Amino acid sequence: RHRAIVGVNSLVPLMDGWGVVMEYVDGVDLSSCIKAGPIPVAAVLEVIEEVSGALNAAYTANSPNQKEPLRLIHRDIKPSNIRVTSQGEVKLLDFGVAHAEFAGKEAEESSEFVMGSTRYMAPERRRGWETHQGDVYALGLVLANALTRKRFPEPPEREQDHARFLGTVLETVRKALASSESAEVRAAASQIRILLLEMLAYEPMDRPDAHSIERRIRKTRKELPAPWL
């Protein structure tokens, strides 16, 4: 359980399987917010900070009655799976294709069948390599999407193609932040772009973990003007 993760109320038997009864989250998803109009940069960072905290909790929290962490990976981070309530809360939804490793549960990885949305998919995930850093990569693209209101093409699998893709994303973000009327936003632009550069690194080991992202974004957004969520 985490404030930014949709809550599970119970499990119920359904035919030959089980159904998950989740809390109802009254609000709008981030993709609708992006389409509606520009979102204040501070509010965008607040959303990403909350989702980073959720991803960190899912990956590092101990499994029930066990001492080792769940190592839960969401695998489908995208704007439509992030909901903002009228009270300004952020909820990460849809763990339907999540992947975990804990006692009695082995990781199942296959290069033949990859779960999730390809538009936000890290290059290594196309090869069946599932890591926490894959969620970080997807969240980086969500951040770029929310800052620019631009939909980027699917990330390429080859490293030489990915370098051009990353350059396009960073330049689009640079232009969006440079056009801000807020001097504080323009001053924070380099910090945001450096973080994005790291989150969208081609190699998973070159990306920060979600906990580091949460802390860095909190520090940056405190320097920005309201409005907040």
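## Salt bridges

In this predicted model, lysine 78 and aspartate 76 form a salt bridge whose closest N and O atoms are 3.6 Å apart. Aspartate 76 has a relative accessible area of 9% and is therefore buried. A search of the whole structure returns 14 salt bridges. Another of these joins the side chains of arginine 125 and glutamate 130, with an N to O distance of 2.7 Å. Both partners are covered: arginine 125 counts as buried at 4% relative accessibility, and glutamate 130 is buried with a relative accessible area of 8%.

A further salt bridge brings together the side chains of glutamate 49 and arginine 218, at 3.1 Å from N to O. Because glutamate 49 belongs to helix H2 and arginine 218 to helix H6, this pair ties together parts that lie 169 residues apart in sequence. The two ends of the bridge can be described separately. Glutamate 49 is buried, at 2% relative accessibility, whereas arginine 218 is partly exposed, with a relative accessible area of 27%. The pair also belongs to a network of salt bridges that links Glu49, Glu214, Arg218 and Arg221.

## The nonpolar core

The largest nonpolar core contains 50 residues, and those touching the most other members are Val41, Val51, Ile82, Leu139, Val142, Leu147 and Leu177.

With neighbours within four places in sequence left aside, isoleucine 82 is in contact with Val28, Asp29, Leu30, Val47, Val51, Val90, Lys91, Leu92 and Val142. Two of these partners, Val51 and Val142, are themselves listed with Ile82 among the core residues that touch the most other members.

## Strand E4 and its partners

Strand E3, residues 27–29, is joined to E4 by 3 bridges, and the two run antiparallel. Within this pairing, valine 28 stands opposite valine 84 of E4. E4 and E5 are likewise antiparallel and joined by 3 bridges, and arginine 83 has lysine 91 in E5 as its bridge partner.

E4 and E5 make up a hairpin with 4 residues between them. In the turn, glycine 88 has a positive phi of about 85°. The side chains of E4 are divided in direction: Ile82 and Val84 point one way, Arg83 and Thr85 point the other way, and all of them are buried.

Helix H2 has 20 residues and reaches 28 Å from its first C-alpha to its last, close to the 28 Å expected at 1.5 Å a residue. Of its 20 residues, 18 are buried, so H2 is largely enclosed by the rest of the structure.

Helix H3 is mostly covered too, with 16 of its 17 residues buried. At 1.5 Å a residue, H3 should span 24 Å, and this agrees with the 25 Å that separates its end C-alpha atoms. Just after H3, arginine 149 takes a positive phi of about 60°.

## Histidine 132

Histidine 132 is located in helix H3. Its relative accessibility is 4%, so histidine 132 counts as buried. A polar atom of its side chain lies 3.1 Å from the backbone nitrogen of alanine 210. Leaving out neighbours within four places in sequence, the contacts of histidine 132 are Leu55, Tyr59, Ile73, Asp209 and Ala210.

## Alanine 183

Alanine 183 has its place in helix H5. At 46% relative accessibility, alanine 183 counts as partly exposed, because that class covers values between the 20% limit for buried and the 50% limit for exposed. The C-alpha atoms of alanine 183 and alanine 100 are separated by 43 Å, and the two residues are 83 residues apart along the chain.

Key
Residues numbered from 1 in each chain as written. Predicted model: local features only at pLDDT ≥ 70, side-chain atom pairs only at ≥ 80, totals over all residues. Heavy atoms only, no water. Core = buried A, V, L, I, M, F, W, Y, C linked by side-chain atoms within 4.5 Å. Buried < 20%, exposed > 50% of the residue type's maximum accessible area, 1.4 Å probe, protein only. Contact = heavy atoms within 4.5 Å. Expected span 1.5 Å × (residues − 1). Salt bridge = Lys/Arg side-chain N within 4 Å of Asp/Glu carboxyl O. Polar contact = N/O pair within 3.5 Å; in protein donor to acceptor, adjacent residues only side chain to side chain. Pairing = 2+ DSSP bridges.
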